[in-house]
Amino acid sequence: MKRYAVVLLATALILGTGAGISYAYLSGRDEAVNHFSAVSAEIEIHEDFTPPEEIIPGKIIKKIPVIKNTSGTPCYVRVSVRFSNGEALQNCEAVEIKNGWSRKEDGWYYWDEALLPDKSTGPVFEQIKIKDNVQEEITPFDILVYAEAVCCGEKSADEAWREMNQIQDRNGG
């Protein structure tokens with residue numbers, strides 16, 4: 001009888017241990033929490049500009065666009081400067097891009113340094129001059145300033161813009 005009790009006790013211990021291990025294995029879990037947040041670069045174009053009453057040869061039109069970083073993260077900035085029509089391009093002197101901006105082979109003008117939060121770039125340009133020798137009537141036109149920004153992160157400006165261009169290419173523009 002003693003032997004029967006020992007066998008019964010040993011069987012109960014083995015079954016109990018096996019059940020405990022099985023329960024622990026099946027109910028156990030590992031958990032990892034990854035904390036991250038997305039940041040965005042937000043900018044605004046501010047212009048000191050008053051449209052002229054008349055557009056005549058030799059006229060200097062004051063237009064001073066600057067870009068302001070309105071986000072909470074440093075960013076790199078680039079702008080595209082375009083005339084609204086080809087006739088305007090022919091009737092105006094070349095726009096003088098100011099210090100702090102560099103034109104790259106892709107046609108964009110890049111601000112030479114990271115733009116910190118709540119800071120602004122220097123002016124892209126300060127004026128548009130109608131050529132002195134224009135003989136025909138000058139059709140009203142616009143100078144379009146389009147700006148883009150990309151977060152700095154740990155990348156150089158060239159790396160950040162290269163990645164942005166690749167994303168735009170994959171997404172069709």
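Predicted model: local features only at pLDDT ≥ 70, side-chain atom pairs only at ≥ 80, totals over all residues.
1. A polar contact, as the term is used in this note, is a pair of N or O atoms within 3.5 Å, where within protein one atom must be able to donate a hydrogen and the other to accept it.

2. Of its 173 residues, 25% count as buried. Among contacts between residues at least 6 apart in sequence, 75% join residues that are at least 24 apart.

3. Three of the strands make up an open sheet, in the order E1-E2-E6 and with antiparallel pairing. Its edge strands are E1 (43-49) and E6 (127-129), each of which pairs on one side only, and the twist from one strand to the next averages 25°. E1 and E2 run antiparallel and are joined by seven bridges; Glu-44, for its part, stands opposite Lys-68 in E2.

4. The largest nonpolar core comprises 24 residues, and those with the most contacts inside it are Val-77, Val-79, Trp-101, Ile-128 and Phe-141. Two or more residues of this core come from each of E2, E3, E5 and strand E7 (143-151), with E3 giving the most, namely five residues. Another core, of seven residues, lies apart from it and has among its members Tyr-76, Val-150, Cys-152 and Trp-161. As general background, nonpolar side chains in soluble globular proteins tend to be buried together.

5. Ile-128, one of the residues with the most contacts inside the largest core, can be described through its surroundings. Once its neighbours within four places in sequence are left aside, Ile-128 is in contact with Lys-59, Ile-60, Ile-61, Lys-63, Phe-83, Cys-92, Phe-141 and Ile-143.

6. Arg-78 deserves a separate point. Arg-78 belongs to strand E3 and counts as buried because its relative accessibility is 1%, which falls under the 20% cut-off for that class. Leaving aside neighbours within four places in sequence, the residues in contact with Arg-78 include Asp-106, Trp-108, Tyr-146, Trp-161, Met-164, Asn-165 and Gln-168.

7. Trp-108 counts as buried at 16% relative accessibility, whereas Tyr-146, with a relative accessible area of 47%, is partly exposed. The pair of Tyr-110 and Trp-161 is edge-to-face, with 5.7 Å centre to centre and 75° between the planes. Here too distant parts of the chain are linked, Tyr-110 being in strand E5 and Trp-161 in helix H3 (residues 157-170), 51 residues apart; both Tyr-110 and Trp-161 are buried.

8. Asp-106 is found in the loop between strand E4 (101-103) and strand E5 (109-111), and is partly exposed, with a relative accessible area of 37%. The side chain of Asp-106 reaches the backbone nitrogen of Trp-108 at 3.1 Å. The C-alpha atoms of Asp-106 and Ser-80, which are 26 residues apart along the chain, are separated by 10.0 Å.

9. A further loop residue is Ser-71, which is found between strand E2 (60-69) and strand E3 (75-83). Is Ser-71 buried or exposed? Ser-71 is buried, because its relative accessible area is 8% and the class is defined as under 20%. A polar atom of the Ser-71 side chain lies 3.3 Å from the backbone oxygen of Thr-73. Not counting residues up to four places away in sequence, Ser-71 touches Ser-40, Ala-41, Glu-42, Pro-117 and Asp-118.

Terms used
Residues numbered from 1 in each chain as written. Heavy atoms only, no water. Helix = DSSP H or I, 4+ residues; strand = E, 2+ residues; numbered from the N terminus. Buried < 20%, exposed > 50% of the residue type's maximum accessible area, 1.4 Å probe, protein only. Contact = heavy atoms within 4.5 Å. Pairing = 2+ DSSP bridges. Axes fitted to C-alpha atoms, helices over the stretch in contact; angles between N-to-C directions. Core = buried A, V, L, I, M, F, W, Y, C linked by side-chain atoms within 4.5 Å. Phe/Tyr/Trp six-rings, centres within 6.5 Å; stacked < 30°, edge-to-face > 60°.
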